[in-house]
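Here is a short briefing to read alongside the model. Take a look at the structure first, and then we can walk through it together.

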Amino acid sequence: MLQVLTMTYLWLKAGHIIFVVFWMAGLFMLPRFFVYHQEAAPESPENAQWIERESKLLKIIMWPSLVLVWVLGMSLAVTLDSFAQGWFALKLALVIVLSAYHIWLARYAARLARGERKLTGKQLRLLNEVPGVAAALIVVLVVLKPF
């Protein structure tokens, strides 16, 4: 029985890490797409291509990865009884922030598709730092478990 639980845990952990990597790649890539999208003329074929690319990135990679990160992560948390640990509470808060950022990116993609260009390329480049900072903090929390 212990072997089955161990293997289940390892598969959950492997799946969680795999989909975190996919999700983070999308969180880094989409704002960069926005920068290039905004540089395209509004009625150009290139503009239409960026709309399609952003939509595919969200639908094929980012949304499924977000769901699987949450499902597998919560399964791991239950398996390890992580909810009672301080480091996990902060990690969970950071994942909620990243999830909100993901939703904001999806909404901004919809605005771009409608022709609304509210942010500058510089602002989008700065926003691209959000997932990197959050990921670094999450890794430190998970590896070091400081509290």
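This is a predicted model: local features need pLDDT of at least 70, side-chain atom pairs count only at pLDDT 80 or more; totals for chains, interfaces and linings use all residues.

Residues are numbered from 1 along each chain as its sequence is written, and side-chain values use heavy atoms, with hydrogens and water left out.

**Overall layout**
- The protein has five helices and zero strands, giving the pattern α-α-α-α-α along the sequence.
- Its C-alpha trace spans about 60 × 30 × 15 Å along the principal axes.

**Helix α3 by itself**
- With 28 residues at 1.5 Å a residue, α3 should span 40 Å, and its end C-alpha atoms are 41 Å apart, which agrees; the expected span is 1.5 Å times one less than the number of residues.

**α3 against α5**
- The axes of α3 (residues 86-113) and α5 (residues 130-144) come within 10 Å and cross at roughly 160°; axes are lines fitted to C-alpha atoms over the stretch in contact, with angles from 0 to 180 degrees between N-to-C directions.
- The two helices are therefore roughly antiparallel (an angle over 145 degrees).
- α3 passes α5 in a left-handed crossing, meaning that the near helix is turned anticlockwise from the far one by less than a right angle.
- Residues of α3 in this contact (heavy atoms within 4.5 Å) include W87, L90 and L94, which face a set in α5 including V130, P131 and A134.
- By class, this contact has 13 nonpolar, no polar and one charged residues; Ala, Val, Leu, Ile, Met, Phe, Trp, Tyr, Cys and Pro count as nonpolar, Asp, Glu, Lys and Arg as charged, and the others, Gly among them, as polar.

**α2 against α3**
- The axes of α2 (residues 45-80) and α3 come within 11 Å and cross at roughly 160°, which makes α2 roughly antiparallel to α3.
- Here too the crossing is left-handed, with α2 passing α3.
- Among the contact residues are W63, L66 and W70 of α2 and V95, S99 and H102 of α3.
- The residues of this contact divide into 18 nonpolar, two polar and one charged.

**Aromatic pairs**
- The structure holds seven aromatic pairs, counted when ring centres of Phe, Tyr and Trp (its six-membered ring) lie within 6.5 Å.
- The rings of F34 and Y108 have centres 5.3 Å apart and planes at 55°, so the pair is tilted (planes under 30 degrees apart are stacked, over 60 edge-to-face and the rest tilted).
- This pair links distant parts of the chain, with F34 in α1 (residues 2-39) and Y108 in α3, 74 residues apart.

Key. Helices (H or I, at least four residues) and strands (E, at least two) are DSSP runs, numbered from the N terminus. Angles under 35 degrees count as roughly parallel, over 145 as roughly antiparallel, 65 to 115 as roughly perpendicular and the rest as oblique.
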